[in-house]
Amino acid sequence: MSKISNLDPYQELANAIVLQAVKDYRDVNKKLARSRKNRAAQEVHDECLRFFRSKRFSLLTEVDPEFLIRRLDEEVNE
């Protein structure tokens with residue numbers, strides 16, 4: 001069954017990009033919580049942070065990147 005959306009296809013794509021970055025950041029935070037020495041995970045973490053704070057991110061969404069980062073980091077501590 002397919003979902004019918006009232007969103008513009010470009011907005012759907014923008015949302016999907018942001019959501020994928022959030023998923024990647026959550027996953028990498030879990031890995032880093034287990035081992036801070038995981039170099040590959042640290043690189044992905046840093047890449048996600050650069051994306052969240054980038055002009056591209058602000059073009060895709062109006063979400064405050066620092067708020068988003070804080071909330072995602074709080075999930076690790078819960």
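Let me open with a detail from helix α4. E74 and R71 are three residues apart in that helix, so about one helical turn separates them. Their side chains meet in a salt bridge, at 3.9 Å from N to O. The cut-off for a salt bridge is 4 Å. E74 is partly exposed, with a relative accessible area of 39%. R71 is partly exposed too, with 47%.

Now the background. This is a predicted model. The protein has four helices and zero strands. Read from the N terminus, the order of elements is α-α-α-α. The chain has 78 residues, and buried residues make up 26% of them. Along the principal axes, the C-alpha atoms fill a box of roughly 45 × 35 × 25 Å.

Back to the salt bridges. How many does the structure hold? Three.

Next, E75 and R26. Their side chains meet in a salt bridge at 2.8 Å, N to O. This pair links distant parts of the chain. E75 sits in helix α4, which covers residues 65-77, and R26 sits in helix α1. The two are 49 residues apart.

Then R53 and E66. Here the side chains meet at 2.7 Å, N to O, again in a salt bridge. Which parts does this pair tie together? R53 lies in the loop between α2 and α3, and E66 lies in helix α4, so the bridge joins parts that are 13 residues apart in sequence. R53 is partly exposed, at 48% relative accessible area. E66 is partly exposed, at 33%.

On to the aromatics. The count comes to four aromatic pairs. I will take two of them. F51 and F52 form a tilted pair, with 6.1 Å from centre to centre and 50 degrees between the planes. Why tilted? Planes under 30 degrees apart count as stacked and those over 60 as edge-to-face, so 50 degrees falls into the remaining class.

F51 also pairs with F57. Their ring centres are 5.6 Å apart and their planes stand at 85 degrees, so this pair is edge-to-face.

For F51 the relative accessibility is 13%, so it counts as buried. The cut-off is under 20%. F52 is at 0%, so F52 counts as buried as well. Put together, Y25, F51, F52 and F57 form one aromatic cluster.

Now the surface. There is a patch of negative charge. Which residues gather there? D24, D27, E43, D46 and E47. Two helices each supply at least two residues of this patch: α1, residues 9-34, and α2, residues 39-52. Helix α2 gives the most, with three residues.

The threshold for exposed is over 50%.

V63 is found in the loop between α3 and α4. At 37% relative accessibility, V63 counts as partly exposed. V63 and V18 are 45 residues apart in sequence. In space, their C-alpha atoms are 9.8 Å apart.

Let me recap. The predicted model has four helices and zero strands. Three salt bridges are present. The one between E75 and R26 links distant parts of the chain. The one between R53 and E66 ties a loop to helix α4. The one between E74 and R71 stays within helix α4. Y25, F51, F52 and F57 make one aromatic cluster. And the negative patch draws on α1 and α2, with α2 giving the most.

Note on methods
Residues numbered from 1 in each chain as written. Predicted model: local features only at pLDDT ≥ 70, side-chain atom pairs only at ≥ 80, totals over all residues. Heavy atoms only, no water. Patch = residues over 30% accessible without salt bridge, like charges linked within 9 Å, V, L, I, M, F, W, Y side chains within 5 Å. Areas by Shrake-Rupley, 256 points an atom, 1.4 Å probe, with all protein chains shown as cover. Lys, Arg positive; Asp, Glu negative; His and termini not counted. Charge placed at Lys NZ, Arg CZ, Asp CG, Glu CD. Phe/Tyr/Trp six-rings, centres within 6.5 Å; stacked < 30°, edge-to-face > 60°. Buried < 20%, exposed > 50% of the residue type's maximum accessible area, 1.4 Å probe, protein only.
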